[in-house]
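Student: Could we go through this structure together? I would like to ask about a few residues and then about how the chains meet.

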Number of protein chains: 2
Amino acid sequence: LSPTERSTPHRLRDRTRSDRVELHALLDDAVLAHLSVVRDGAPFTVPTTFGRDGDTLYLHGSTGARSLRLADGEQVCLNVTHLDGLVYGRSVFHHSANYRSAVIHAQARLVTDPAEREHGLRVLVEHVTPGSWDHARRPNRKEMAATAVIAIDTFEAAVRVRTGPPGDEPEDVEAGTAWAGVVPVTTVYGAPEPCPLLPAGFATPPHVAHRSA
Amino acid sequence: LSPTERSTPHRLRDRTRSDRVELHALLDDAVLAHLSVVRDGAPFTVPTTFGRDGDTLYLHGSTGARSLRLADGEQVCLNVTHLDGLVYGRSVFHHSANYRSAVIHAQARLVTDPAEREHGLRVLVEHVTPGSWDHARRPNRKEMAATAVIAIDTFEAAVRVRTGPPGDEPEDVEAGTAWAGVVPVTTVYGAPEPCPLLPAGFATPPHVAHRSA
């Protein structure tokens with residue numbers, strides 16, 4: 001898993017998939033993305049949550065923020081990566097990582113239509129915390145005014161995947177002196193931690209309890 | 001956790017820490033970073049593994065790669081983020097995420113000195129898969145020639161952290177109609193999966209077995 005090998009589909013053909021079903025599954029598995037823009041000629045990257053509706057991703061931000069206010073039509077790169085395993089080769093050279101990664105190039109669209117702004121926020125909230133849109137208090141006018149909603153089209157996306165054991169050299173396999181294999185890496189949701197200000201005995205609702213199941 | 005709030009330390013002073021100890025701990029907890037560069041005026045981001053030695057991070061790549069060959073002195077942005085929890089507010093507006101994130105701006109340095117190249121690779125390998133440098137076969141001349149080693153100085157780094165329960169509005173707390181709290185998110189290393197080509201009965205060495213402990 002090196003910056004160069006990740007970006008050379010022509011060299012590592014087997015790691016490149018264009019199937020949109022696979023892209024959508026990878027995105028739906030994740031709540032965290034890395035959003036990159038260019039500022040003063042330099043790259044600038046921040047982590048962000050997102051939601052997906054078909055081929056559109058929705059992000060949100062604060063309208064009052066100074067450092068990263070996305071302009072309508074601004075070129076962005078969105079990357080979503082799952083680290084699935086650490087690959088131990090018989091040689092240092094064949095150490096690697098199992099992963100699923102999507103890189104999306106797009107022009108950010110600042111959503112202005114009130115109905116789509118609410119829709120985008122709902123998609124985002126239901127992606128990250130399913131069930132919260134109906135359970136929690138919805139945004140009021142003041143909160144909506146303080147929220148920027150950004151849409152990103154996933155049309156220009158590349159998916160790269162590595163799975164399986166290391167691709168060791170035959171002579172290292174034969175030598176049989178080193179262990180080889182994969183240590184799987186997974187993301188786990190733990191038991192809900194209630195807010196200290198909740199009334200005693202307030203039951204954890206199913207949409208939260210199910211998250212950890 | 002929105003792209004704008006993450007980048008406005010002046011607005012969210014309590015989420016900004018400059019302590020290098022905290023930066024180092026955050027980096028040492030992670031094996032995955034997102035590396036961004038500018039290509040043809042557009043941002044371009046790839047995931048990558050890394051290692052840390054003091055204030056220097058080491059990455060590696062393939063010298064044969066075409067799409068992302070870092071130039072010596074090229075401006076990069078490196079982001080390392082831990083998602084620690086999903087924050088459920090009593091209002092949709094106060095839903096958030098607990099996280100630890102570092103953003104590093106630097107000029108990439110292409111390491112050419114043979115001793116530092118080996119040192120950098122060792123740091124990277126021992127960061128991602130501790131114990132592998134001594135256990136696995138080390139890189140031979142051909143493998144070293146195929147490997148680019150990149151150093152990134154962490155001097156210009158910002159750390160942002162969010163912890164704890166949601167920051168709900170007093171009137172929503174008083175209403176007491178919605179659950180609020182945090183669903184913790186953790187990364188877990190699973191039981192090692194031996195390579196199918198390993199001889200039967202090959203014991204999993206301690207440096208691998210300990211990874212899942």
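Student: To begin, in which strand is the place of A:Thr187?

Tutor: A:Thr187 lies in strand β11 of chain A, residues 181-189; strands (E, at least two residues) and helices (H or I, at least four) are DSSP runs numbered from the N terminus. Please note that this is a predicted model, in which local features need pLDDT of at least 70, side-chain atom pairs count only at pLDDT 80 or more, and totals for chains, interfaces and linings use all residues. Residues are numbered from 1 along each chain as its sequence is written, chains are lettered from A and ligands numbered from 1 in the order in which they are written, and side-chain values use heavy atoms, leaving out hydrogens and water.

Student: Is A:Thr187 buried or exposed?

Tutor: A:Thr187 counts as exposed because its relative accessibility is 52%. Exposed means over 50% relative accessible area, buried under 20%, and partly exposed in between, with a 1.4 Å probe and protein chains only.

Student: And what does A:Thr187 touch?

Tutor: Leaving aside residues up to four places away in sequence, A:Thr187 touches B:Val185 and B:Thr186, where contact means heavy atoms within 4.5 Å.

Student: Which residue stands opposite A:Thr187 in β11(B)?

Tutor: That residue is B:Thr187. The strands β11(A) and β11(B) run antiparallel and are joined by five bridges; two strands pair if DSSP finds at least two bridges between them.

Student: Turning to the interface, how many residues does each chain bring to the contact?

Tutor: Chain A and chain B bring 100 residues each. About 8300 Å² is buried between them, 67% of it from carbon and sulfur atoms; buried area is the accessible area (1.4 Å probe) that two parts lose on being put together, summed over both.

Student: How many salt bridges are there across the interface?

Tutor: The rule finds two, a salt bridge being a side-chain nitrogen of Lys or Arg within 4 Å of a carboxyl oxygen of Asp or Glu. One of them joins the side chains of A:Arg137 and B:Asp172, at 2.8 Å from N to O. On the side of chain B that touches chain A, strand β11 of chain B gives the most, with nine residues.
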